[in-house]
Amino acid sequence: SPREFVEEAAQDFARQHPDVVLYVSPHSGPGPAPVLRAEYLNGTVRDELIASKTSEEIVQLATKLANQSGLDIIRIRKPFHTDNPSVQGQWHPLTNKPSILTVQGPRLQSQ
Amino acid sequence: RAAGPLLARAGRRAGLGTAPSTALSTALSTASPPGKKRWLRAYLELQRLQAPPQRRSEKPNWDYHAEVQAFSHRLQESFALDLLKTAFVNPCYIESEEARRRQLGLDKDAIALQLQDNTELAEQGLRFARAYLAQCFEGAYPELPAKGIEALVNFLTSQELVSSVAQNLSVQDLALCRDFPAPPDVLQRTFLAVIGALLESSGPERTGIFVRDFFIPQLIGKDLFEIWEVVNPMGLLVEELTKRNISAPEPRITRQLGVSTVLPVYFVGLYCDRKILAEGPGETLLAAEEEAARVALRKLYGYTENRRPWDYSKPKQGLAAEKAISSN
């Protein structure tokens with residue numbers, strides 16, 4: 001339960017994650033239920049209910065939240081991305097067509 | 001930040017007495033039971049949505065010292081904490097605080113704040129960042145002229161970019177300033193002051209790595225001429241070619257499509273000594289020639305889209321030594 005988490009595991013969690021500031025306070029959530037509130041650098045705020053979770057589960061949850069960035073959790077459309085989609089230049093309808101300037105005909109052969 | 005266990009609030013709903021069984025009992029028993037009203041939740045939600053935005057430091061659960069320490073741990077840099085706290089203090093904050101204290105009518109001693117500005121640290125940080133970035137670009141793109149390097153460095157230290165980097169590092173929560181939300185020039189000054197504080201605490205090498213890691217990735221996906229505005233690319237190209245003793249380029253139409261339509265496409269190629277230099281497309285012949293000149297310039301300066309990506313592997317030791325010498 002959250003009481004056990006605060007008594008046993010909160011200090012260790014705070015020591016292991018020095019870049020996360022852990023505040024423990026009663027009465028400060030939006031409702032009466034005990035809530036773990038994660039505020040990220042880009043402004044997202046995530047609330048998780050911890051009322052009926054054991055101390056270890058709360059530690060796991062807190063570690064998961066601490067390791068996340070604050071990006072929205074939405075479906076990733078494709079698991080790949082590249083900033084350089086083309087190395088030799090993207091194909092366009094004129095890529096492999098000869099230019100107007102290439103001269104063809106019998107004159108070349110005689111040279 | 002975690003909200004801990006809460007004392008259980010027993011719901012209080014005073015039950016109604018027995019319903020009126022006889023017509024003789026009067027109207028009092030039709031009152032609704034005391035407790036929360038139906039409209040209360042919607043009203044509180046409306047109040048919450050319409051409340052003006054507040055600084056994070058004015059909301060509950062805020063410890064400035066702990067937050068500053070966490071900031072330094074997050075960046076994996078060891079700062080001197082007093083320097084870092086000075087870096088977050090802006091002059092507009094000091095003025096507004098002194099004005100507020102004067103309004104409250106305190107003595108002269110109490111009015112004067114014992115805080116230092118971040119202006120000197122910001123200047124130091126700006127100078128170091130500009131010099132370091134200029135050196136990086138001179139090393140990576142040796143053909144790029146001084147104006148191009150200056151344009152790149154100006155872009156990287158511009159207000160929009162630096163303030164967006166600072167916002168994503170939550171500098172806006174820690175910075176002390178008069179207005180909320182903090183304007184971009186304040187955020188820029190605060191972030192440069194943080195760089196200056198890092199320079200004083202950890203030395204030029206680590207600060208160089210920090211600047212490289214946060215500023216150079218902002219160039220990914222950007223084209224040279226988006227950042228550096230060149231009015232006459234053809235003239236610039238002719239200058240560059242004369243410097244390298246190559247004859248002037250001759251433009252020729254290489255391909256054309258849809259000449260008599262509303263959307264023609266012309267490919268103009270630039271030839272030096274009958275050899276192709278660059279080819280560029282455009283809607284009109286002039287636009288195509290200008291684009292071909294830009295492509296040629298990109299090839300000459302080595303800033304094409306298929307160049308080798310930036311080398312983040314090791315810090316350049318020679319740079320650091322030169323930095324230390326030049327800043328002294």
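1. Conventions. Residues are numbered from 1 along each chain as its sequence is written, and chains are lettered from A, with ligands numbered from 1, in the order in which they are written. Because the model is predicted, local features need pLDDT of at least 70 and side-chain atom pairs count only at pLDDT 80 or more, while totals for chains, interfaces and linings use all residues; side-chain values use heavy atoms, with hydrogens and water left out.

2. Extent of the interface. Chain B places 32 residues in contact with 37 residues of chain A, contact meaning heavy atoms within 4.5 Å. The area buried between the two chains (the accessible area, 1.4 Å probe, that two parts lose on being put together, summed over both) is about 3,100 Å², and carbon and sulfur atoms give 60% of that area.

3. The rule finds one salt bridge between chain B and chain A, where a salt bridge is a side-chain nitrogen of Lys or Arg within 4 Å of a carboxyl oxygen of Asp or Glu. Glu39(A) forms a salt bridge with Arg56(B), and the closest N and O atoms of this pair are 2.8 Å apart.

4. Make-up of the chain B side. At least two residues each come from β1 (2–3), α2 (64–74), α8 (159–168), β2 (250–257) and β3 (265–272) of chain B, with helices (H or I, at least four residues) and strands (E, at least two) taken as DSSP runs numbered from the N terminus. Strand β2(B) gives the most to the side that touches chain A, with six residues.

5. A network within chain B. Over all chains the count comes to 18 salt bridges, and Glu143(B), Glu240(B), Lys243(B) and Arg244(B) are linked in a network of them. Glu240(B) pairs with Lys243(B) at 3.5 Å between the closest N and O atoms, and with Arg244(B) at 2.6 Å, N to O. Glu240(B) and Lys243(B) both lie in helix α13 (residues 233–243) of chain B, three residues apart, about one turn of the helix. Glu240(B) is buried at 4% relative accessible area, whereas Lys243(B) is exposed at 60% and Arg244(B) is partly exposed at 30%; buried means under 20%, exposed over 50% and partly exposed in between (1.4 Å probe, protein chains only).

6. A link between strands. Arg255(B) forms a salt bridge with Glu279(B), the closest N and O atoms lying 3.3 Å apart. This pair links distant parts of the chain, with Arg255(B) in strand β2 and Glu279(B), 24 residues apart from it, in strand β4 (residues 275–282). Arg255(B) counts as buried at 13% relative accessibility, and Glu279(B) as partly exposed at 28%.
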